[in-house]
Amino acid sequence: MLSNIRVILVGTSHPGNIGSTARAMKTMGLSNLYLAEPRVEPDGQSVALAAGACDILKNLVKVDSLAEAIKDCSLVIATSARSRTLDWPMLDPRQAGEKLVAEANSGPVAIVFGRENHGLSNEELQQCNYHVFIPANPEYSSLNLAQAVQIICYETRVAHLAQEAEPQEIVEYPLVEDQERFFEHLEKTLLSTGFIIKNHPGQVMVKLRRLFSRARIESQEMNILRGILTSIDRWVEPKK
């Protein structure tokens, strides 16, 4: 199950952080590392700071975008600061670990860490189901990348051990690529009914993404919603 939990670093600019992340992951039993849009390659410094976790470096996956890294995941949690204007469902590290472990039983899930200097963009954050905030000392909240990874990986391991003691029911959730198809279908239908106007869309789709992320609908529920949208499309089309 832990092999289904994907740690994704976006736009990493320091090779040492890649090695330190590998070490943080391996100490907690995680092994699946992705680099999305990396600005550097793993090097000797990465190997040195990995401190015995070179197998994770050897098997890491490099992709060109966050979207590519998460397309086959059913759950994506992004690390974020509370001060952002983007209001998204928030988790603390313990809740994040519990959700990652619960859903990793049925397929790939991901925890996403942003760039060292400015984190994740709002566009990238909107691709994720939840945001996780580490409640560090507000007078000195400076965590480096590997420290943040270590905290989330620790909480994930704690949740994993708890689940081994008390197995939970497995629920199937739609993959990110299926979620994106749903949002595309939803927007197309709302445009066809005139609920949103193409040249003046406002924030409707952003708010709807937030709503469905908060609701965390299951695969069968999403299929029902797609069916409803299709029935609306059939009713609207002849009237155009």
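In which hand does α8 pass α10, left-handed or right-handed? I looked this up first.

I worked on a predicted model, where local features need pLDDT of at least 70, side-chain atom pairs count only at pLDDT 80 or more, and totals for chains, interfaces and linings use all residues. Residues are numbered from 1 along each chain as its sequence is written, and side-chain values use heavy atoms, without hydrogens and water.

**Entry: α8 and α10.** I found that α8 passes α10 in a left-handed crossing (the near helix is turned anticlockwise from the far one by less than a right angle; clockwise is right-handed). The axes of α8 (residues 176–193) and α10 (residues 219–236) come within 10 Å and cross at roughly 25°. Helices are DSSP runs of H or I, at least four residues, numbered from the N terminus. Axes are lines fitted to C-alpha atoms over the stretch in contact, with angles from 0 to 180 degrees between N-to-C directions. The angle makes α8 roughly parallel to α10 (under 35 degrees). I noted Phe182 and His185 of α8 and Leu225 and Leu229 of α10 among the contact residues (heavy atoms within 4.5 Å).

**Entry: α1 and α7.** I read an angle of about 15° between α1 (residues 15–27) and α7, with axes 9 Å apart. These two helices are therefore roughly parallel to each other. Here α1 passes α7 in a right-handed crossing. The contact includes Ala24 and Met25 of α1 and Leu145 and Val149 of α7.

**Entry: Phe113.** I listed what Phe113 touches, leaving out residues up to four places away in sequence: Val7, Ile8, Leu9, Val10, Thr79, Leu120, Leu145, Ala148, Val149 and Ile152.

Terms used: Parallel < 35°, antiparallel > 145°, perpendicular 65-115°, else oblique.
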